[in-house]
Amino acid sequence: MNIKTPAFIIDEAQLISNLMQLAEIRDQSGCKVLYAMKALPCSRVLEIAKPFVNGFAVSSLFEAQLAQEILGDNGEIHLTTPALITEELYELTTLCSHINFNSLTHHERYSPIVQTQTSMGLRVNPKLPFLKDDRFNPCRRHSKLGIDIDMLWKSNCLESEQISGLHFHTVFSATDFTPLIQTIEKLRDYFGTRLEKLHWLNFGGGYLFHSISDCQPFIDLVIQLRRELNVEIYIEIGNGIIGNAAKMAASVIDIFESDGKTVAILDTSINHNPEVFEYQRSPDILEQDIKGDHSFILAGGTCLAGDIFGEYRFKHPLQLGDKITFSNVGAYTLIKANRFNGHNLPNFYFQPKEGEVKLLKSYAYQNYQQQWQMNI
Ligand SMILES: Cc1ncc(COP(=O)(O)O)c(C=O)c1O
């Protein structure tokens, strides 16, 4: 099949390989694995993940609704969000098997009214800042994410009859388990035997299991905690499941000189990967040759001056129509995408394990019009 750029291509073989590795870790350790839908809630991905995971981790009513549609009665749905809304709570409790309160006020306000079939937990901020950049750091000062561990320690919320679990999420793209081990040590130091009344601990996401060569420390930790505390252990992984399982293909649509450098405009933009701009990072591209003689600034086609992917080197000079392929773009890209400047969203393709690539979805002018047409 001829792929029409800009094209977002999901790689089934890589996705299944990531899921199989997690399923194996689950079998060896006894932990439960959730897919964090926020990374990419594409139904094709959810359907593929479904047999490999115990359920989905969600952050809102919409995600919970979609999770329920895909899982039916065959999976758990865990909600963690600072944005619990009173009007949505009843519906959320009918959809979610687990709800984590983000604050002591959440706990005070909502624990008396959550349906008893929903297991309630508390998100704790262990105040161990593992990330230098505060924009990603849930343990930054004055954090809005989770209950300050010192305040939780002083309160008697953990002892509350309604609370069955503790949740934390503190890292991003971690490739070793040191932060996890240190976090568990701190929780055990603080709460000791108070943890024994819990039914579950949720370690959050943020670990790139597929890039960690030795997962034995994780397996050992889970086995130890399950034995000593008699708790279930959950992980909720997004990037580590879908991140490296999608590519974005773009075409060069213009090339010109600007102040002594050559700029190549692509038929994609940071609209399709807003974190490039938000965090000023240059995404990986497959065609790059770091020793190549030909340097180009790759830029998106919107009116934003900073709509730039970065400067890359190539073996041969780029030509009009050349393809550029961004790798590792499965997570936190298209879920944040927009149609700024009226530029369309990319076409969605699916590369099955065997056989030809298939078009999953493409958008037309009517989708743009529908979004913005607002008659009284
Ligand atoms: C509470 C929570 N759980 C899980 C995740 C998934 O993290 P990742 O995609 O890095 O695995 C996130 C990501 O932001 C999160 O905020």
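Reader: Why is serine 173 called partly exposed?

Author: In this predicted model, serine 173 has 15 C-beta neighbours inside 10 Å; because a residue is buried at 20 or more and exposed at 12 or fewer, a count of 15 falls in between, and serine 173 is therefore partly exposed. The residue sits in the loop between β8 (163-167) and α7 (178-191).

Reader: What makes the phi of serine 173 worth a remark?

Author: Its phi is positive, about 55°, although serine 173 is not a glycine. Most residues other than glycine have a negative phi.

Reader: How do you know that aspartate 259 is to be called exposed rather than buried?

Author: Aspartate 259 has 5 C-beta neighbours inside 10 Å, and since exposed residues are those with 12 or fewer, the count places aspartate 259 among the exposed ones. Aspartate 259 is found in the loop between β11 (246-258) and β12 (261-266), and its phi, near 50°, is again a positive value in a residue other than glycine.

Reader: Why is serine 111 called partly exposed, and what is it in contact with?

Author: There are 17 other C-beta atoms within 10 Å of serine 111, and because the limits are 20 or more for buried and 12 or fewer for exposed, serine 111 counts as partly exposed. It belongs to the loop between α5 (104-110) and β6 (119-125), and, leaving aside neighbours within four places in sequence, serine 111 is in contact with Met120, Ser160 and Gln162.

Reader: How do you know that the length of helix α8 agrees with what its number of residues predicts?

Author: Helix α8 (residues 216-229) has 14 residues and, at 1.5 Å a residue, should span 20 Å; the expected span is taken over one less than the number of residues, and the end C-alpha atoms of α8 are 20 Å apart, which agrees.

Reader: What makes you say that the buried residues of α8 line one face?

Author: The buried residues of α8 are Phe218, Val222 and Leu225. Seen down the axis of α8, they fall within an arc of 70°, so they line one face of the helix. Residues three or four places apart in an α-helix point the same way, because there are 3.6 residues a turn. On the other side of α8, Gln224, Arg227 and Glu228 are exposed, while the cover over the buried residues includes α1 (12-29), β9 (200-202) and β10 (232-237). After α8 comes asparagine 230, with a positive phi near 55°.

Reader: Why are the buried residues of α3 placed on the same side of that helix?

Author: Helix α3 (residues 61-71) has Leu61, Glu63, Ala64 and Ala67 as its buried residues. They cover an arc of only 160° around the axis, which puts them on the same side of α3. The face turned away from this buried side carries the exposed residues Phe62 and Glu69, and among the elements that cover the buried residues are β3 (55-58), β4 (76-80) and α4 (86-95). The residue that follows α3 is glycine 72, whose phi is positive, near 60°.

Reader: How do you know that the bond from threonine 5 to proline 6 is cis rather than trans?

Author: The omega of the peptide bond from threonine 5 to proline 6 is near -5°, and the bond is cis. Most peptide bonds are trans. Proline 6 lies in the segment before β1 (7-11).

Methods:
Residues numbered from 1 in each chain as written. Predicted model: local features only at pLDDT ≥ 70, side-chain atom pairs only at ≥ 80, totals over all residues. Helix = DSSP H or I, 4+ residues; strand = E, 2+ residues; numbered from the N terminus. Contact = placed C-beta atoms within 7 Å. Arc of directions from axis to C-beta.
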